[in-house]
Amino acid sequence: MSNTKESVLILGAGLMQRPSIEAAKKNGYRAVVVDANPRALCVKEADEFAPIDLKDKEGLLAFAKKIPNLKAVFTAGTDFSASVAYVAGALGLSGHSYEACLNASNKVRMRSCFEKSGVASPSFEQISAADMSRFDGAKSASLTFPKVVKPTDNMGARGCRMIRNPEEFLPAVKDAVENSRSGTAILEDYMNGAEFSIDSIVYNGTLTITGFADRHIFYPPYFIETGHSMPTVVDEKTKTAIIETFARGVKALGLTAGAAKGDVKFTADGAMIGEIAARLSGGYMSGWTYPYASDVNLTEQALLIALGKEPAELLKRRVKIPVSADCPFDVYDLSCVRASAERAWISIPGVIKEISGFEAAAAVSGVRDVLPRNKVGDTVDFPRNNVQKCGNVIAVAPTFAESQNAAHEAIRRITLRLSPNNGATDAFLRGESRSDEAGFPPIAYPKLREKIDERGFSPSLEAGKKATDWFLRDLIDFAEEDWNHCTIRQTLERFDSLCPNHPNIPTPLLLNAILRGGIQGALYVSDSLAQSK
């Protein structure tokens, strides 16, 4: 391949960077990709690859200087916008300034910028490993709860959680500090309210909203995003208020030329900024759900700005929206023409023995992608961060309800069967939990458990008999769904299909396994009993 061809340097070779690699190639550029992991998923898709740590800005710059005809530096879905800006700035290429990207990468700097500019965000303080000794019992007891602690410089909700009482304080802070690259965490007030994700493009003094999604967050004390939906179902007045607060946050950070991604909550006191990053979103939003819903290749439009070119499709299709006179930007929206829903499937703790249902999930009408993260032999856990989810489904349909229903139906068809006689699975089914995370992990059917009296059942599910015949008739159609959207009837039917030759299973053991662990729990106790014989 000729070295005279113009190139784009892309930071990251994971799945979230695939749209960036594809956009570069589509526009006739060599995709030069760097990642610390030489076995990253998209390494083979690069025209050229180099194993460089994305934190190593000097190493990245030295490498970039050797790339002939380098025209842009770019990333999406990574936490290294500052590395992008450092290299681009040193080489005179287009993009946000390095200082602005530092503001958008470090949560303490970010909160300080918001505070200085009067942008609504929670009060905060920084904690480092060296500070831990001063946060003793007396200090934590004096705080008002709930609080939130998170690393100052990480993503994917690693080390991020709610602190509900003094007993949870020190373990939570220690975990956040350990998950920080800089060894620092931020402690802030908890914002109670619905949460939204925003992708946007800052260009020539304007701000264009290129994706406004409802986030679905569950499982306290952690913040696990089980999916997002677009377009939002929130009313226009609330949406505009959220966008205006987000715009003020973008201005406060100094972002001027490229992508800006925000997490914003709408509380009783109005919109408040969770965080703003100087990049396109990960989590399938910028590269999958928004393009599906809008017919706009957002990654390509952002890359054109990094190349110093005009994002023509964005400018042609966007529509100006009314905002307050004191809003720091002219604000535009590039809205959706259909609905898109991303949903995750998750697992109870254990080791994956067998996976079924991917083809059935992909066959659901409206499903565009089934994206597994785990394979047979992997150790899995109930997620404490967004990296520990087991996979994602993306569905597209004319309406919110249709897209969500399709995504949920696809996830129902996927089953991760766990290896029998595993200590972590046994502990989960016994209901064991750490002292600093009471009530976590949750159980599959908490409302149903309150209604069930074991005395109504036969002493056991006899070997080879159907679980649907064993379960109580008056409760088999109870409407509650587990975390993978299965009702109790659907769980029992799945068990009968996947495990027709099960051994005799005592009712107390099976009921507990189903109510706590859903289909995974039922299969696990059956397989464990069969193996023990």
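How many bridges join strand E6 to strand E7, and in which sense do they run? Select residues 147-151 for E6 and 161-163 for E7: 3 bridges join them, and the two strands run antiparallel. Strands here are DSSP runs (E, at least two residues) and helices likewise (H or I, at least four), numbered from the N terminus, and two strands count as paired if DSSP finds at least two bridges between them.

This is a predicted model, in which local features need pLDDT of at least 70 and side-chain atom pairs count only at pLDDT 80 or more, while totals for chains, interfaces and linings use all residues. Residues are numbered from 1 along each chain as its sequence is written, and side-chain values use heavy atoms, with hydrogens and water left out.

Because 5 of the 5 residues of E6 are buried, the strand is largely enclosed by the rest of the structure; buried means under 20% relative accessible area, with a 1.4 Å probe and protein chains only.

Next, select strand E21 (residues 415-418), where Thr415 and Arg417 on one side and Leu416 and Leu418 on the other are all buried. Strand E17 (residues 350-356) is joined to E21 by 4 bridges, antiparallel, and Ile352 stands opposite Leu418.

Finally, centre on Trp470, which, leaving aside neighbours within four places in sequence, is in contact (heavy atoms within 4.5 Å) with residues including Phe457, Leu492 and Ile514.

Technical notes:
Buried means under 20% relative accessible area, exposed over 50%, partly exposed in between (1.4 Å probe, protein chains only).
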